[in-house]
Amino acid sequence: MVAMMFFSNMTCCPIKHGVKTGWLRLVFIFAVLPVICSCINPGDKERGRDYIQMNRSSSAACLVASSIIGQSVNDKSIKVVEVGAGYETGLVVIGGIHGNERNTAALVGDLMGIYTEKPNLVPRPLRLFFVPLLNPDGFEQSGRKNIHGVDLNRNFPTSNWRSDAISPFRRIEGSGGQTPASEPEVRAIVDWLLDEVKRKVKKVYLISYHSAYKNGSVQPGYRFYGKPDEETVRFAARIAETAGYTYLNTWITSNHVTGELINWCGENGITSVDIELPSYESPDIVPAGKNETTRQTHERVLAKIMMYLEEGLSTGR
C-alpha cells in the first residue's frame with residue numbers, strides 16, 4: 001500500500017496535539033488511491049504513477065494522480081498528488097521543507113484531502129500539485145535540516161548559492177550543502193518542477209508553507225532580492241489579504257538569504273510565495289488573535305487563489 005510506503009521506517013516522535021489529524025488523512029489518501037485506481041491507461045504508469053479518471057460527465061475530466069518523484073537521503077519516498085486536468089495553469093503547494101515545521105505537512109495533507117475527495121472543485125483551466133512532505137528524514141527527527149545536516153531551503157541552485165549559507169540572522173557553516181542541489185530532496189523537487197510540471201502546464205505558481213511568524217506572513221518570490229516582479233507581488237498580496245497575514249517584501253533581516261526555493265523559482269519563471277503560519281500548533285487549532293483555525297484559513301486561501309488564477313486566465317491578465 002502506498003500509505004505504508006509513505007510511513008515505512010518512520011519512528012514516532014513528539015508532536016503537538018492535533019497535528020496527527022492531517023497525517024491520518026494522508027494515510028487514508030495514499031492508501032485509497034492505488035485501491036480505487038482501475039489501471040486506466042496503463043502506459044501512463046511509468047515512474048510509479050497511479051491515475052484515476054473521475055466525473056466523466058463533467059465538461060473537463062478531473063484527474064487524480066499520485067507520484068513518487070524521488071527519495072530522501074534515508075531512502076524515504078517523496079510523494080506528490082496531482083488534482084485536475086487543466087493545461088493552462090498549475091499551482092504547486094509544498095509542506096515540510098523543514099522537518100521541525102510539522103504543522104505545514106499536516107496542513108498540506110488536509111488541503112490535499114479536500115481536493116482529492118472532490119476534484120471537481122478545481123476549475124477547468126487549473127491543475128493542483130500537492131507535496132505534503134519534502135523533508136521526510138527531517139520530519140522523522142523533528143529537525144529543520146535533512147540527515148546530511150543541510151537546510152534544504154538553502155540548497156537550491158540559485159545564482160547566490162553558497163555552502164556556508166546565509167540565513168536571516170547569521171551565516172551557518174555547511175548548511176547550504178557541498179554543492180548547489182547536492183541533496184536528493186532538492187534535486188527531486190527541482191527536476192520534477194522543470195521536467196514534469198512545466199511540461200504539463202503553461203504557467204506555474206507555487207506556495208511553500210513554513211512556520212512560524214506572529215500573526216502569519218506572506219513573502220513574494222524573487223529573481224533579484226527585494227525586487228519581486230509585479231505579478232508575484234499581486235499574487236502574494238492577494239494571499240496576505242485573504243489570510244489576514246502580514247505582507248513582507250523581504251524577510252525581517254538585512255541579510256540576503258542564499259539558496260532558497262522562492263529565489264530559485266524567480267530565476268526559473270515560477271511565480272512563488274513563502275507563507276509563514278502564525279504558530280507551530282496544529283492546523284486544527286485557532287491561533288491567538290484569529291477567529292478560525294489555520295486549516296479553515298487556508299481552505300479559504302486556496303479557493304480564493306484558484307478563483308484569482310481562473311479570472312486572470314479569462315481576462316488575459
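Student: Which strands each supply at least two residues of the lining of the largest pocket?
Tutor: Strand S8 (203-211) and strand S11 (271-277) do. Keep in mind that this is a predicted model.

Student: What is the volume of the largest pocket?
Tutor: The largest pocket comes to about 410 Å³.

Student: And how many residues line the largest pocket?
Tutor: Its lining has 23 residues, and Arg144, Arg154, Pro168, Trp251 and Glu276 are the ones nearest the centre of the pocket.

Student: How does that lining split by class?
Tutor: Nine of the lining residues are charged, seven are polar and seven are nonpolar.

Student: Back to S11. Where is valine 273?
Tutor: Valine 273 sits in strand S11.

Student: Is valine 273 buried or exposed, and why?
Tutor: Valine 273 counts as buried because its relative accessible area is 0%, and the cut-off for buried is under 20%.

Student: What is valine 273 in contact with, leaving aside neighbours within four places in sequence?
Tutor: Its contacts include Leu206, Ile207 and Ser208, as well as Val218, Phe235, Ile239 and Ile262. Leucine 206 is 67 residues away from valine 273 along the chain, yet the two C-alpha atoms are separated by 6.5 Å.

Student: Next topic: the largest nonpolar core. Which residues have the most contacts inside it?
Tutor: Those are Leu91, Tyr115, Leu128, Phe130, Tyr209, Phe235 and Ile239, in a core of 34 residues. Elements giving two or more residues to this core include strand S4 (89-94), helix H3 (102-117), S8, S11 and helix H8 (294-315). Another core, of 26 residues, lies apart from it, with Val92, Ala181, Leu193 and Val197 among its members.

Student: Can you take one of those residues, phenylalanine 130, and say what it is in contact with?
Tutor: Beyond its neighbours within four places in sequence, phenylalanine 130 is in contact with residues including Val80, Val93, Leu111, Tyr115 and Leu302.

Student: Last one, serine 72. Where is it found?
Tutor: Serine 72 is in the loop that runs between strand S2 (62-71) and strand S3 (77-83).

Student: Is serine 72 buried or exposed?
Tutor: Serine 72 is buried, because its relative accessibility is 5%.

Student: Which side chain does the side chain of serine 72 have a polar contact with?
Tutor: That of aspartate 137, at 2.9 Å. Leaving aside neighbours within four places in sequence, serine 72 is also in contact with Ile78, Pro136, Pro184 and Glu185, among others.

Technical notes
Residues are numbered from 1 along each chain as its sequence is written. This is a predicted model: local features need pLDDT of at least 70, side-chain atom pairs count only at pLDDT 80 or more; totals for chains, interfaces and linings use all residues. Side-chain values use heavy atoms; hydrogens and water are left out. On a 1 Å grid over the protein atoms alone, a cavity is a set of points where a 1.4 Å probe fits but cannot get out, and a pocket is an open set with protein on both sides within 12 Å along at least five of seven lines; lining residues have an atom within 4 Å of a point. Grid points are joined across faces, edges and corners, and a volume is the space filled by probe spheres set on the points. Helices (H or I, at least four residues) and strands (E, at least two) are DSSP runs, numbered from the N terminus. Ala, Val, Leu, Ile, Met, Phe, Trp, Tyr, Cys and Pro count as nonpolar, Asp, Glu, Lys and Arg as charged, and the others, Gly among them, as polar. Buried means under 20% relative accessible area, exposed over 50%, partly exposed in between (1.4 Å probe, protein chains only). A polar contact is a pair of N or O atoms within 3.5 Å; within protein, one must be able to donate a hydrogen and the other to accept it, and residues adjacent in sequence count only if both atoms are side-chain atoms. Contact means heavy atoms within 4.5 Å. A nonpolar core is a set of buried Ala, Val, Leu, Ile, Met, Phe, Trp, Tyr and Cys residues joined through side-chain atoms within 4.5 Å.
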